[in-house]
Structures are given as structure tokens and as C-alpha cells.
Amino acid sequence: MRRITTIAPPKDPAPIERTPPRSARLEVLVPFLLVTLIWGSTWLVIKDQLAVVPPSWSVTYRFTLAGLVMLGWAVVRRDSLRLDLRGWLFAAGLGIAQFTFNFNFVYRAEQHITSGVVAIVYALLLVPNAVLARVFLGQRMGRQLLIGSAVAMAGVALLFVHEARLSPVGPEQALVGIGIALAGVLSASIANVMQATDTARAYPMASALGWAMLIGAAADATFASATVGPPVFEMRWGYLAGVLYLGVLGSALTFTIYFRLIRAIGPAKAAYTSVLIPVIAMLLSTLFEGYRWSALAAGGAVLVLVGLVIALKARRPNR
């Protein structure tokens with residue numbers, strides 16, 4: 001008598017639990033939003049700094065204060081302040097690119113075009129960040145990040161068209177201001193990609209960043225002395241408060257957080273702070289400058305936010 005054996009049907013495979021992408025976790029989203037909110041407010045403060053003091057001297061004061069704060073924080077953390085030759089070269093390159101060229105271009109661009117337009121131009125930081133990360137770091141943009149970028153850039157284009165229509169300056173001044181801002185974008189992108197290298201990770205961030213800020217400030221002071229003469233300081237509480245805000249919160253705090261974001265999620269995704277910043281700047285302008293929204297501006301802001309959500313949900317933005 002033969003025994004009949006039955007074969008049990010295969011069990012359904014256990015469901016695979018998909019963890020959210022790193023950039024969608026709170027430890028990334030919270031600092032991402034903090035950087036965006038603070039930098040979104042700095043455009044108003046920078047505009048107020050341009051009345052009396054030449055831009056190069058305002059930049060000098062900002063990063064002298066920021067550098068001292070960073071080195072003080074390094075001492076509190078008991079990080080070594082010493083750098084070897086490679087460290088000094090890295091700090092000098094970062095300081096010149098980020099804290100000399102970039103911010104001198106930013107302040108000068110706002111002499112020609114509105115702060116809102118400058119903020120929108122800086123939203124393009126995503127593009128050179130992604131290109132330079134591909135060239136120098138071998139990081140490729142995933143399809144989802146490309147789609148999100150395309151949607152966000154369409155929103156930025158609508159915001160730019162809206163601002164251009166309202167611009168009180170002529171087309172020549174607008175082009176000069178945009179050209180200066182684009183030069184600043186390229187300088188900032190170089191510094192961003194530098195922070196994603198192995199060299200950057202080899203040194204305590206507070207120490208390297210503090211020295212980079214002071215080197216940049218020294219270059220700013222040298223340039224200011226050669227072009228506009230001795231130091232100028234406006235003895236006004238608003239100006240003093242602006243220097244403190246830009247130096248401590250708008251530089252020492254935010255650059256520390258932002259560069260950590262670059263190391264965690266890559267230059268391309270971290271650059272999405274610059275895509276969202278124009279929307280924040282325009283919201284603040286609504287509250288403090290009587291900015292009026294149009295259907296074009298609102299549509300652009302919505303596209304920026306949709307593109308941001310798509311991009312930050314990408315699992316492998318830089319492969």
C-alpha cells in the first residue's frame with residue numbers, strides 16, 4: 001500500500017519592511033528645515049546691511065564673528081585647533097570659495113536686483129552641485145531626484161518670471177545682478193562639494209570651519225581695504241543686530257548643520273535647501289515688506305514644494 005504524501009503550498013513570503021530613505025528621517029528633516037528657515041530670513045537682513053557700510057566690510061565683520069564663534073565651540077568640544085598642511089590648504093580653499101567669493105557676490109548682487117531675485121538665482125545651486133558631485137565624487141543622480149529637480153526648477157522659473165515682471169530696475173541692471181549672483185552660485189557649489197570629500201572628514205568640522213571663516217574674513221578685509229579704503233561701521237542697533245544674527249545664526253550655526261547634511265545625504269539633495277529658501281524669503285517678505293502674491297508666484301511655490309517632496313523621498317539620490 002502506497003503512502004500518499006501531500007505537499008503543503010508554499011507560504012507567502014514575509015512582507016519586506018521598507019525603511020524610509022535617510023533624507024526622509026527626522027534626524028535629516030529637522031536640520032534641513034532649520035537651515036532653510038534661517039537662511040530664508042537672511043536675505044532681508046543682508047538688504048538692511050547695504051545702506052552705509054560697503055559690502056566687503058559687512059562680509060568681513062560677519063565671518064570674523066562666525067569664525068571666532070566656531071573656534072570657541074571647538075574649544076568647548078575639546079577638538080584640536082591644529083591643522084596640518086593639507087588641512088590648512090583645505091581651510092584656505094573653502095574659506096576663499098565660500099566666505100570670500102560667494103558672499104561678496106551675494107551682497108553685490110543685492111545692489112542691482114531685489115533680494116527675492118537673488119534668492120531665486122541661488123535656487124539653481126542644485127544644478128552645479130549635482131554636476132560637480134558627478135565629476136569629482138562619482139555620485140549619480142537617481143531618476144526620482146531628476147524628476148523632483150525638474151519639477152522644482154519649473155517652479156523656480158515661474159517665481160523668476162514673476163519677480164522679473166515686478167523688478168524696478170532696468171534689464172541691464174537686472175542682467176548684471178543675475179550674472180553676479182550666478183558667479184556666487186558657482187563659488188558656493190565648489191565649497192559644497194569640498195565638504196563631501198574625504199579630506200573634509202579628516203578634520204574636526206568646528207576647527208576646520210572656524211579657520212576657513214577667519215581665512216575668508218582676512219581675504220575679505222584685504223579686498224575691502226584695497227577697493228573701498230579703511231573699515232566702515234554703522235553705529236546703528238539694527239546694523240549691529242544684523243551682524244550678530246548673520247554671524248552667529250546665519251553662519252556659525254547654519255553652515256555647521258548644512259555641511260553635515262552634505263556629508264549625510266550628498267551635495268545634490270542638500271542643495272534643495274536653496275530651492276525652498278526663495279519661498280521662505282517671499283513668505284517673510286509678505287509679513288514684513290507687504291509682498292503681494294500672484295497666481296504665477298503661488299503656482300511656482302507649489303511646484304517647488306512638490307519637487308522637494310519627490311526628491312527627498314528618493315532612496316538613492318547619489319549612487
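Is Val35 buried or exposed, and what is its relative accessible area? Val35 is buried, with a relative accessible area of 0%; buried means under 20% relative accessible area, exposed over 50%, and partly exposed in between, with a 1.4 Å probe and protein chains only. The model is predicted: local features need pLDDT of at least 70, side-chain atom pairs count only at pLDDT 80 or more, and totals for chains, interfaces and linings use all residues. Residues are numbered from 1 along each chain as its sequence is written, and side-chain values use heavy atoms, with hydrogens and water left out.

**The chain**
- The secondary structure comprises twelve helices and zero strands; helices (H or I, at least four residues) and strands (E, at least two) are DSSP runs, numbered from the N terminus.
- Of the 319 residues, 51% count as buried.
- The chain exposes about 15800 Å², and carbon and sulfur atoms supply 68% of that area, as given by the Shrake-Rupley method with a 1.4 Å probe; for residues, only the protein chains shown count as cover.

**Val35 and Leu34**
- Val35 lies in helix α1, and so does Leu34, the helix covering residues 26-48.
- Leu34 counts as partly exposed because its relative accessibility is 36%.
- Not counting residues up to four places away in sequence, Val35 touches Gly40, Thr254, Ile257, Tyr258 and Thr273; contact means heavy atoms within 4.5 Å.
- The C-alpha atoms of Val35 and Leu249 are separated by 9.4 Å, while the two residues are 214 residues apart along the chain.

**Nonpolar cores**
- The largest nonpolar core has 83 residues, of which Phe63, Phe255, Tyr258 and Tyr272 touch the most other members.
- Helix α10 gives the most to this core, with eleven residues.
- A second, separate core of seven residues includes Val53, Trp57, Tyr61 and Val243.
- A nonpolar core is a set of buried Ala, Val, Leu, Ile, Met, Phe, Trp, Tyr and Cys residues joined through side-chain atoms within 4.5 Å.
- Leaving aside neighbours within four places in sequence, the contacts of Tyr258 include Val35, Trp39, Leu125 and Asn129.

**Helix α5**
- Helix α5 (residues 126-137) has twelve residues.
- The buried residues of α5 are Leu126, Pro128, Asn129, Ala130, Leu132 and Ala133.
- Gly138 follows α5 and has a positive phi, near 70°.

Conventions
Expected span 1.5 Å × (residues − 1).
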